[in-house]
Amino acid sequence: MESVLQLLFTDPVIGLIKGLLVIGVVLQIVPLLIYLERKLSAYMQGRLGPNRVNFVVPYAVPGLGGLRLVPGSLQPLADAIKLAFKEEIIPKDADKLLWYLGPFLAFFPIATALAFIPFGINHWDALGSGVIVDLRVCSVPISVLLLFAISSLGVYGIAAGGWGSGSKYPLMAAVRASAQMISYEVSMGIAVLAAMATVGSVDLQQFVVHQATQDFVDLGFLTLPNWLVFSQPLAALIFLVAMFAENNRLPFDMPECEPELVGGFHTEYSGLKFALFFLGEYAAMILMCSLFVTIFLGGWGSFWDTDAWGVFGWVAVDPHATDGINAIKSHLWFMAKVMAILCFQIWIRWTLPRFRYDQLMNIGWKVLVPLALGNLVLTAIAGYFLNPIGVGQ
Amino acid sequence: MSAPHTPAPQDAPEGDHPPLTASEKSYLPSIVKGIGITLQRFFKPNFTVQYPEVGPYDYAAQDRAIGEVNPRHRGEHILVKDEQGREKCVACLLCMAACPALCIHIEPEPAPWDDRERRPKVFEIDMLRCIYCGYCEEACPCDAIRLTPKLYTPTTSRTERVYDKERLLENNPEAQVPQRPRK
């Protein structure tokens, strides 16, 4: 039995399974996210949100007949069907190649970059077969750098779509998007540099191991884990702000600023191409939130240790165990954190108004970049004095 | 905080607004305040009225709630009945004459009762033509036609929107339609 599993679990097979799993799960989270976004925004504005499209318990069931299951939960499906049947309109002046390329360029880099996110523990003994599986699709030692390199390509989709539309508003949006994403990538990169210096690695899985295996400080009643949000709070804040700009989310949603640019870069798009832009946007949200969780919030590590009281101890993840239950627990911890950060993003979106474009650039270049650089220098100095031999090792 | 009409608030801190302090410039305190407000709002009851499952009537019947139609709202007409259950209308055609939208159509016939000469044989109001101005109500000498706060009900055909006498009388019962306060 074991030998069969070992023969079966070759690297390509495991890689394929993990890849399909990640892309499948992310594509399933997107509709959930759209539903959440609409519901949360509705409740924050004193409305009910979508509550018509849902499963209904058949009236034949006594007692529960007619009960609506999670009102509005099928709204994203209805939206998708609607989009699929919409007419595709191609503007007369469109640059055909860029027009067709735009939505794909917006989605595929994000989907590729998801391969570097560790969504579970780094050593799972797959089904007890003795094959040790690292729960991320692509186990490369420079995953942070690769992830940033690939996810930055996402802006080409917006630029190509905006330029290829042959229309002035999408073009303006494309220019804005490019400038904004390049500006905020600088401060985001420098913030992550400080985190890298703290951990002493450019491997995302090492980031998590660093955070999961040590304690930051013992407060007596509570032991804080060694999450970088505690040891690098400024970098975490900068990353969080830059994350909103990178995702074109609401305090910084210049590329689709409705009052000024009609619908932004996707003004001319309709039907499934528009849906793909939409999908790319939400996938980018998921990517950035998982990156934030992985770098600053301890990834799949639990907040407390396995020796905590009662059920808390059972729920906690043991970073050294290899069994399947532990792997599932680590994945659930990761997903819970990602969902929390996603909800936070939605929450912020429906709280803050949009910044003006000059304010956006001021925040990016005059505030975040100097702050991030200062934080990096401070981290270097502190690292030299606290741990002169090797930071984080 | 700058007023919306102030041009370029960033470069012109003088005027009727004091210059921003450092904490205000960092945006953070107001952001924290803002997300606190949205969080509070999240847990408060919402204002949505699930019309048409929950009509404005259900609200009007209870205490005055959010979404209730104003009791003086001019909605669909009723023909008022007297104590013996007969329509009060004497078919004088004054409402028909007062109607600016020409939506009232009345055909009189001799009344079988002693207290009046005529009664309407046909009394039709085209609710699609009606502009709900209430002039018919003011013109009526017998208080026979009234507007109620009832919102008009959607139908699938135009002919259904022409209300005949029976429909207008059926609409009447005080139990269903709260009475509009009279002057």
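Reply: Start with what counts as a helix: a DSSP run of H or I with at least four residues. The model is predicted. Helix H12(A) is followed by Gly298(A), whose phi is positive, near 75°.

Me: What makes residues 271-296 of chain A a helix under that rule?

Reply: The run has 26 residues, and the rule asks for at least four. H12(A) reaches 38 Å from its first C-alpha to its last, close to the 38 Å expected at 1.5 Å a residue.

Me: Why is H12(A) called largely enclosed?

Reply: Of its 26 residues, 22 are buried, so H12(A) is largely enclosed by the rest of the structure.

Me: How do you know whether Thr379(A) is buried or exposed?

Reply: Count the neighbours. Thr379(A) has 21 other C-beta atoms within 10 Å. The cut-off for buried is 20 or more. Thr379(A) is therefore buried. This residue is found in helix H15 of chain A, residues 357-386.

Me: Which residues does Thr379(A) touch, leaving out those up to four places away in sequence?

Reply: Thr379(A) touches Ala194(A), Ala197(A) and Thr198(A). A contact needs C-beta atoms within 7 Å. For Phe221(A), 158 residues apart from Thr379(A) along the chain, the C-alpha separation is 28 Å.

Me: Turn to chain B. What is its make-up?

Reply: Chain B has 6 helices and 5 strands. Along the sequence they follow the pattern α-α-α-β-α-β-β-α-β-β-α. Buried residues make up 15% of its 183 residues.

Me: What makes S3(B) and S5(B) a pair?

Reply: They share 2 bridges, in the antiparallel sense. In S5(B), Val162(B) is the bridge partner of Asp126(B).

Me: Why are S2 and S5 of chain B called edge strands?

Reply: The open sheet has 3 strands, in the order S2-S3-S5, with antiparallel pairing. Strands S2 (104-110) and S5 (162-163) each have a single partner strand, so one side of each is left without a neighbour in the sheet.

Me: How many residues of chain B are in contact with chain A, and of what kinds?

Reply: On chain B, 10 residues are in contact with 10 residues of chain A. The chain B side divides into 4 nonpolar, 4 polar and 2 charged residues.

Me: What share of the contacts in chain B with a separation of 6 or more comes from residues 24 or more positions apart?

Reply: Such residues account for 66% of those contacts.

Terms used: Residues are numbered from 1 along each chain as its sequence is written. Chains are lettered from A and ligands numbered from 1 in the order in which they are written. This is a predicted model: local features need pLDDT of at least 70, side-chain atom pairs count only at pLDDT 80 or more; totals for chains, interfaces and linings use all residues. A residue is buried if 20 or more other C-beta atoms lie within 10 Å of its own, exposed if 12 or fewer, and partly exposed in between; C-beta atoms are placed from the backbone. Two residues are in contact if their C-beta atoms, placed from the backbone, lie within 7 Å. Two strands pair if DSSP finds at least two bridges between them. Ala, Val, Leu, Ile, Met, Phe, Trp, Tyr, Cys and Pro count as nonpolar, Asp, Glu, Lys and Arg as charged, and the others, Gly among them, as polar. The expected span of a helix is 1.5 Å times one less than its number of residues.
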